[in-house]
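Please look over the sequence and the structure shown here before reading on. The report is meant for someone meeting them for the first time.

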Amino acid sequence: MRICLMLLLLFSVPSYSELTDNLRWSFDASARVNNNTSAKNTSRIYAFGLDTHKVFTSSQGDIGYAVGQLYFTQLSNQNPYPAMFSSEDDGKFVIREAHLNYASNSNWLPNIRLGHFTIPFGIEESIDTNGRLLDYYHGKNLGTKLDWGLGFNKVLQDVQYSISYTLGGKDKPKSIKDSYAFAGRVGSLSHLDFILGFSVFDAKIDETQRQRIALDWQYYWSSWGFIGEIALGKDKPVQQQWRKETYSLVELNKTSIDQQLKLYGQYIFSDREGESEPTQRLNMGTSYQIDKNLELSLSTRIQLNTPTSGKKLNLVRFQLRYRY
Amino acid sequence: MKTLMILMIFVVFIPNAFAEAYCSLRDPVAQISQLYPNKTNQLSIVKIVDDNTRSQVKRALPSNDLHFSELGKHTLYVAMNGTQALGYVHVRSEQSEWGLVEIVWSLDKNLRIKDFIFQRCRSPKKNIINNQSFKKMFIGKSYQELKALLSSDGTTANNTLLAHAQSAPKLASVVLRCALKTLLITEKLWGEELKRFNK
């Protein structure tokens, strides 16, 4: 049945050229090695997929566009493993971004987005970290990075905004046990040298309610960047009391003038009510774009405070990524 | 799983190559409106900038090259008012000592410069270049007319243009190189297809 529907969809496209016109696609393959010295564990994550972008047009202009990212992801000794996998050596197809976007040509009516997309909140709204070692802890802070749902966004003269209502099912296009997520961010224009944003978030995901407000900023001077995010809020896991959370991240980065080499250092502070002391982490990372296809990345993550277990996180990660 | 495999096989045999397009408008609706206030929509036309295009640039503009991020599929936007084309918009980036400078170029239907705005420029001297006294040196000019503003080294602006660049000669040269590559690539890759808008 699904094959029939797929063929119907393909044959309903008026012509082959209309399908391929304004279509961008690339193969994206990556191999990642994670060495956690405190846990004495080495794991690997392999991903191979397609990244597509298609603009739909009529004789009078553009109607909208679609984004589709489908990856086969294989874990090897990955522990803990993401919830969508069933074991530390599991492999499965994963949909990253997959959405349709209607582009409104009105000066004020919003664009409409439908599908699986990154929740509009904080720094991640303007810096995409999908498939990279660089991380702004979007998923960890909100409970998920991507979700299925509906969004509205618009770039106005001096500000831009994006709001969404999603189902809270993360990789599944449905609400699970009354899950939902409402998120929104308003900020200055994302191509400027100084960007300021304000975000709100209210959700129930994995039976945990989360509420957040956040301030994020990016400041670029020459080839240097200073980025930060401060989020305040509270969590309520099932059958527990609300507990306050504070999360902040500051990053200093440097990009070579040919854009091939990138270096960054991050300090992350998170304080959760009820825990003995705040968690403080230091991330250092680099990436080198060898040519237009091949990129090498290396990052280290060090925990600065000593947790009650006595085992400080000490993680080194390496990634080789090829896009064609 | 079978459905996914069929879909994968179908897409694999689409004969187009290269997917990344770094230099695109962050928001076409808003940015094209800035350059064409009367436009009602925009029409995207995507073409591949490949090694052959790169060779053509090197031949036409010796001592110049395309940054690796400039290869791949790129979009030229036709600013539309109903079914009528008003002109074209194309974004290109040029390497500078402040990183990549991204410039949004507005072209008329005869492929002459109509205007430009910076999408990303981290030079502290951006405001010197981003004003009408400098821009007028570009507005209305064709590829050949702008090429006459290159000095003999093929990469820097000559004294005619630098006289309008005050204390920003390096950025002036970056803008000139970017303009020349934009006009050249637009003509080579999109020229034939754009003829239908001149009827």
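The sections below take up confidence, then chain A, then chain B.

## Confidence in the model

This is a predicted model, and the predictor gives the complex an ipTM of 0.83 together with a pTM of 0.87. For chain B the pLDDT averages 87, and 88% of the residues score at least 70.

Within chain B, confidence is highest in helix α6 (residues 143–147), at a mean of 97, whereas helix α1 (residues 2–12) of chain B has the lowest, at a mean of 40. The pLDDT is below 50 over residues 1–22 of chain B, although this stretch has 35 contacts in the model beyond near neighbours in sequence. Where pLDDT is low, the predicted coordinates should not be read in detail.

## Chain A as a whole

Chain A contains three helices and 16 strands, and its C-alpha trace spans about 65 × 50 × 40 Å along the principal axes. Its radius of gyration is 21 Å, which agrees with the value near 20 Å that a compact globule of 324 residues would have.

Of the 324 residues in chain A, 30% are buried. Among contacts in this chain between residues at least 6 apart in sequence, 46% join residues that are at least 24 apart.

## Strand β5 of chain A and its partners

Strand β5 (residues 111–118) of chain A is largely enclosed by the rest of the structure, because six of its eight residues are buried. Strand β4 (residues 91–102) of chain A is joined to β5(A) by five bridges, and these two strands run antiparallel; in this pairing, Tyr102(A) has Ile112(A) of β5(A) as its bridge partner.

Strand β6 (residues 146–155) of chain A also pairs with β5(A), in the antiparallel sense and over eight bridges. Here Leu114(A) stands opposite Leu150(A), a residue of β6(A). Strands of a sheet pair through backbone hydrogen bonds, either parallel or antiparallel.

Gln160(A) lies in strand β7 (residues 159–166) of chain A. A residue counts as buried if 20 or more other C-beta atoms lie within 10 Å of its own, and Gln160(A) is therefore buried, with 23 other C-beta atoms within 10 Å.

Once its neighbours within four places in sequence are left aside, Gln160(A) is in contact with Lys154(A), Val155(A), Gly187(A), Leu189(A) and Ser190(A). Arg210(A), by contrast, is 50 residues from Gln160(A) in sequence and 25 Å from it in space, taken from C-alpha to C-alpha.

## The sheet of chain B and the helix across it

In chain B, five strands form an open sheet in the order β1-β2-β3-β4-β5, and the pairing is antiparallel. Strands β1 (41–49) and β5 (113–120) of chain B are the edge strands, each pairing on one side only, and the twist from one strand to the next averages 25 degrees. Within this sheet, six bridges join strand β2 (residues 72–81) of chain B to strand β3 (residues 84–96) of chain B, and Asn81(B) has Gln84(B) in β3(B) as its bridge partner.

Which strands does helix α8 of chain B lie across? Helix α8 (residues 169–194) of chain B lies across β1, β2, β3, β4 (99–107) and β5 of chain B, and it runs at about 135 degrees to β3(B).

Methods. Residues numbered from 1 in each chain as written. Chains lettered and ligands numbered in written order. Predicted model: local features only at pLDDT ≥ 70, side-chain atom pairs only at ≥ 80, totals over all residues. pLDDT = per-residue confidence, 0-100. Helix = DSSP H or I, 4+ residues; strand = E, 2+ residues; numbered from the N terminus. Contact = placed C-beta atoms within 7 Å. Pairing = 2+ DSSP bridges. Axes fitted to C-alpha atoms, helices over the stretch in contact; angles between N-to-C directions. Buried ≥ 20, exposed ≤ 12 C-beta atoms within 10 Å, placed from the backbone. Rg over C-alpha atoms; globule rule 2.2 N^0.38 Å.
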